[in-house]
There are 2 protein chains.
Amino acid sequence: MSDQPSRWASQRIAEDLEARIRSGEYKPKARLPSERSLAASERVARNTARAALELLERRGLIDIVHGSGAFVREPVSLIRLGGQRYSRALREETGLSPFRAELLKQNRKGHSDCTRVERVRPPAEIAERLGLPATTKSVVVRENWYYVEDQPVQVCWTYIPVDIAKGTVLARNGDLGRGSIYARLEDAGHPIASYRDEVVARMPTNEEVLGLRIPVSVPVLDLVHTSIDADGRPFEVTHFVMRADAVALDYTISNDL
Amino acid sequence: MSDQPSRWASQRIAEDLEARIRSGEYKPKARLPSERSLAASERVARNTARAALELLERRGLIDIVHGSGAFVREPVSLIRLGGQRYSRALREETGLSPFRAELLKQNRKGHSDCTRVERVRPPAEIAERLGLPATTKSVVVRENWYYVEDQPVQVCWTYIPVDIAKGTVLARNGDLGRGSIYARLEDAGHPIASYRDEVVARMPTNEEVLGLRIPVSVPVLDLVHTSIDADGRPFEVTHFVMRADAVALDYTISNDL
DNA sequence: CAGTGGTCTAGACCACTCA
DNA sequence: GAGTGGTCTAGACCACTGT
C-alpha cells in the first residue's frame, strides 16, 4: 500500500514536512523549522535540510524568505475569467469593466489600477494584430494592474490605434466612466462583434516574479486578446499576464458547424 | 549599457554559457562541458558549476541527463489548437480528428495513439460536467496520446456516458473511421452545438514529467472540454494535459451582446 | 546583533550511460 | 569500466530580517 521510504534524505525530510503541513500541524503562514534546526533534528548536513525545503518550495507548498524563514503558503482560490466577460449585457447590467464584473459575479473583492497611459511604438506582434503597418510609430498603451483581495493576480497592456483613441478619455489616465474601456470604445464607434484570444502558458520572467509577487514555481498565463468590430477590423489588442495559480479561463463557444 | 558582472559565480557561469548558446557556439543538441571540467576551467567547486547548469535547466535552455551530460535544448515550435477544431466543416473537409486536422492545416507531421478504452467510475469533476449523479458507477473512458514529430505533446482522457457509447465503436479500441470521434458522436445523435473549455496552467506532476517527457521547468496547460448538444445537454467531457511550450490555444469568439 | 536564508568549498560515495 | 550526473557532508562567509 504505502510507498517505500524514499532513498534520499532530502526527499524523505520533504515528504515528512509535507505530511505535517497537510495534516494541519503547520497551518498556512506558519513558519517551518530553520535550516539549521532541521539539520540538527534530522541529523543531516544543513545543505540537505535546505534541499528538502527547496523541494517543497518548487512544489508550491511553502515560500522561503531570505533572512526570515520558510512559511506555509496560503492556498489561493482561482478567479475564473469567463469568455462572456466582454458582453455588453454584463457590462450594462453592472456598469463595470470585464474584470470587475467577473469579480462581482463570483462575489470576490478586488480592484484594478491604471498605472500608465502613453503613446509608444507598438511591438511587432501588436501592430500585426491591429492590422497596422510595421512602420507605425505610435499607438496608445494603457497599463493596468488587477488585484484580488489585495494580491496582484494580473497585469495587462491595452493597445489602441491613435486615430481611435485621440481626443477621447481613452488617451488620458482618468476615470473611464460607466462600463469602462469597452463602453468607451463602443462610444467611439467600435463595439466588439467578435474577439480572438491567443493563450500560452510559460514560466514568469524575473520582472514578472517581482511585479506580480509570484512565488517561484508558479507559471503564468500569457493571453493576447484582439477585439474585432462588425466589419471584421481589429481595433484593440490587450496583452495579459496572469498568475496561473490565481486565474483560470473559461470559454463557452457555440460551434459553427 | 551592459549589466554589471553578477555577484555570484554560479550566475556568472550560467550567463557565460547562455551567451555562448545564443551565439551559436553551442548549437541545439550539443553537449556542454561536464560539471567536473567546468569546475576546473572556471576554478570553482563542482557544486558551483553544477548550480550554474541547474540555473540554465530551470530557464529551459538545456536538458541535463543523468549519466550522460547537459545538452542544449532544441527550440520547439508551437502547435496552435484553434477554437474551430471541433467544427463539422473542418472535419468533413479533411476526414480527420480535431488534432490531426489542426496539424494538417499547419503543415506539421504527427500522429495520435489511443492507448486505452475501458469503463471506469467517473471522477467527481467529470460526472458533474456530464450532468451525471455523483453515484454513477461507470462511464467509458478513452485515453489518447498525441505526438508532433514523434514528441509527445498532449494526453487526454475522453469520458462518454455508457448509454451513448454502448454498442458503438466508441466503446471499443479500434479505428473510429472518417471524422474520428466527433463524427461518431454525431452518428449517435449528438452533434456539438456548443462547448465549454476550462483552462488552467500549472506545473506538471511527476507522472506527467515521465509520460510527456517534459523537461522540468516546463508548465502544462490543463484543459477540460465539455461538448454540449442542441438541447443544452453535455454528452462528452475530455480532460487534456498539454506541454505548454509545445501547444498554444487560439479561440475566436463571436461576442453575444 | 542574533538568527535567518544564500552561496560556496573540497571533498566523498552512489546511480546511470555508453562504448 | 571510465565518465557522467545525483546526493551528501561539514564546514565557511555573505546578505537579509527583525528586534
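## Surface near DNA strand C

In this predicted model, the surface near DNA strand C draws at least two residues from each of α2 (35-42), α3 and β2 (69-72) of chain A and from each of α1 (9-22) and α3 of chain B. Helices (H or I, at least four residues) and strands (E, at least two) are DSSP runs, numbered from the N terminus. The largest share comes from α3(B), with 4 residues.

There are 22 residues around DNA strand C, and Trp8(B), Ala9(B), Ser10(B), Thr48(B) and Gly67(B) come nearest. A residue counts as near a molecule or strand if its C-beta atom, placed from the backbone, lies within 6 Å of it. By class, this surface has 7 nonpolar, 11 polar and 4 charged residues. Here Ala, Val, Leu, Ile, Met, Phe, Trp, Tyr, Cys and Pro are nonpolar, Asp, Glu, Lys and Arg are charged, and the others, Gly among them, are polar.

## Surface near DNA strand D

DNA strand D is surrounded by 23 residues, the closest being Trp8(A), Ala9(A), Ser10(A), Thr48(A) and Gly67(A). At least two residues each come from α1 (9-22) and α3 (46-58) of chain A, and from α2 (35-42), α3 (46-58) and β2 (69-72) of chain B. With 4 residues, α3(A) gives the most to this surface. Its residues divide into 7 nonpolar, 12 polar and 4 charged.

## Contact between the chains

In chain B, 32 residues are in contact (C-beta atoms, placed from the backbone, within 7 Å) with 32 residues of chain A. On the side of chain B that touches chain A, two or more residues each come from α4 (88-94), β7 (194-202) and β10 (247-254) of chain B. The most come from β7(B), which gives 9 residues. This side of chain B has 18 nonpolar, 7 polar and 7 charged residues.

Strand β10 (residues 247-254) of chain A runs antiparallel to β7(B), and 6 bridges join the two. Tyr251(A) has Asp197(B) as its bridge partner in β7(B), while Ile253(A) has Tyr195(B). Two strands pair if DSSP finds at least two bridges between them.

These strands belong to an open sheet of 8 strands with mixed pairing, in the order β3(A)-β10(A)-β7(B)-β8(B)-β9(B)-β6(B)-β5(B)-β4(B). Its edge strands, β3 (79-82) of chain A and β4 (110-120) of chain B, each pair on one side only. Neighbouring strands are turned by 20 degrees against each other on average, direction ignored; axes are lines fitted to C-alpha atoms, for helices over the stretch in contact, and angles run from 0 to 180 degrees between N-to-C directions.

## Numbering and confidence

Residues are numbered from 1 along each chain as its sequence is written, while chains are lettered from A and ligands numbered from 1 in the order in which they are written. Local features need pLDDT of at least 70 and side-chain atom pairs count only at pLDDT 80 or more, whereas totals for chains, interfaces and linings use all residues.

Terms used: Contact = placed C-beta atoms within 7 Å.
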